[in-house]
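Trainee: Let's go through the charged contacts and the nonpolar surface. Please show me the model.

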Amino acid sequence: MGTVTKTLGTLALSLTSGCVTSPQPSLEHQSNIQPLPVEDDSLNRFYSLHYLFDDPQRLDALANFYSATLTSLDVEDPYRHLVLIEAFDRTPLGIPILAGGGHGYLIDDCGLVLTVNHITRRARSFRIWDQEGNIYDASLSDFFDFKNDYALLAAETHRPPSPHPLPIAPGFSAGTPLRFSTFFARLPHRTSYRTSGPYDECSFLPSSFFWEGEVLSLDQILEGVSRLDTTMTPERVTELVHNLEPCLDSSFFFSSTVCHGYSGTPVFDAGNRFLGIAHSYIPTPPFRALGGYGIAVHSQQIFDGLRNYLIDHGKL
């Protein structure tokens with residue numbers, strides 16, 4: 001697991017994505033926040049996982065979602081089930097504190113929320129906001145992948161199962177148009193997931209922002225970053241390549257405006273087919289808190305993991 005750098009940013013607040021696999025020096029300077037090494041990740045899971053094999057209704061719902069995804073051809077409204085996630089830790093006195101947050105997608109009404117794993121790493125509990133303003137407590141399920149950075153939360157919606165399939169794009173490459181939606185949100189605890197400014201009140205505008213871009217190759221990323229950042233040297237380009245190449249195993253690059261708080265946002269092609277979930281960004285001048293280039297976990301990677309999970313639990 002790599003150290004947190006400002007060159008390969010993360011979309012969740014002060015957290016790191018899972019695609020950098022070996023420690024590298026920052027291209028600018030080291031962050032004060034250091035991620036746990038992979039082998040120590042379990043030490044930070046102080047809360048109890050929600051084991052789906054002890055929850056037959058949700059396990060069946062997950063299997064139904066997988067089957068419905070394989071047979072569905074299109075998503076009528078891919079942004080309707082976008083949700084916001086707050087992640088909480090606790091002080092030594094047991095007081096909940098906001099540890100981060102991001103986005104997720106409600107894949108079933110019974111409370112299954114697909115998101116990225118890195119927003120869960122320093123949290124013991126979660127809160128889900130849906131587009132109708134409902135708020136649900138949630139916990140991390142036993143379906144998560146630290147290395148490839150995806151996870152499933154179990155939210156207490158108290159609603160019967162009803163799947164919301166994410167039809168997978170059959171194949172895509174550099175140049176494929178894409179779009180995704182994010183919330184403009186002003187949440188409690190003086191935290192905003194879209195800007196760095198503090199807010200005193202809680203307000204909520206669902207699906208207010210739509211971003212468009214296209215899938216990019218690594219060469220296009222390097223060319224774009226070198227063009228925008230006049231301080232890039234051959235040594236820094238080599239280092240950037242070393243940081244980004246591991247992402248190609250499970251992720252893809254794309255062009256769009258991305259920033260902290262977009263982690264877990266599903267990315268779709270022009271036909272509303274699921275490409276993946278945004279999980280990190282590459283800051284570019286003049287605004288280091290933003291990036292003109294994003295990185296998303298590949299949809300096929302997620303569904304391969306889901307298929308294996310369901311096979312292991314006797315559902316496929």
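Trainee: Which residue forms a salt bridge with D109?

Mentor: This is a predicted model, where local features need pLDDT of at least 70, side-chain atom pairs count only at pLDDT 80 or more, and totals for chains, interfaces and linings use all residues. Residues are numbered from 1 along each chain as its sequence is written, and side-chain values use heavy atoms, with hydrogens and water left out. A salt bridge needs a side-chain nitrogen of Lys or Arg within 4 Å of a carboxyl oxygen of Asp or Glu. Here the closest N and O atoms are 3.1 Å apart, and the partner of D109 is R159.

Trainee: How many residues apart are D109 and R159?

Mentor: D109 sits in the loop between β3 (96-108) and β4. R159 sits in the loop between β7 (150-155) and β8 (177-187). Strands are DSSP runs of E, at least two residues, numbered from the N terminus. The pair links distant parts of the chain, and the separation is 50 residues.

Trainee: Is D109 buried or exposed?

Mentor: Buried means under 20% relative accessible area, exposed over 50%, partly exposed in between (1.4 Å probe, protein chains only). R159, at 30%, is partly exposed. D109 has a relative accessible area of 13%, so D109 is buried.

Trainee: Why does the salt bridge of E86 and R127 tie together parts that are apart in sequence?

Mentor: The N to O distance in this pair is 2.8 Å. E86 lies in strand β2 (residues 82-90) and R127 in strand β5 (residues 125-129), so the parts tied together are 41 residues apart. R127 is partly exposed at 22%. E86 counts as buried, its relative accessibility being 0%.

Trainee: What is the N to O distance between D89 and R124?

Mentor: Both ends are partly exposed: D89 has a relative accessible area of 22%, and R124 has 32%. Their side chains meet in a salt bridge, N to O, at 3.0 Å.

Trainee: How many salt bridges does the rule give?

Mentor: Side chains of opposite charge can pair when their charged atoms come close. By the rule, the count is nine.

Trainee: Which residues make the nonpolar surface patch?

Mentor: Patch residues have over 30% relative accessible area and no salt bridge; like charges are joined within 9 Å, nonpolar side chains (Val, Leu, Ile, Met, Phe, Trp, Tyr) within 5 Å. I95, in the loop between β2 and β3, is partly exposed at 46%. The patch covers about 320 Å² and is made by L93, I95 and I97.

Notes. Helices (H or I, at least four residues) and strands (E, at least two) are DSSP runs, numbered from the N terminus. Accessible areas come from the Shrake-Rupley method with a 1.4 Å probe; for residues, only the protein chains shown count as cover.
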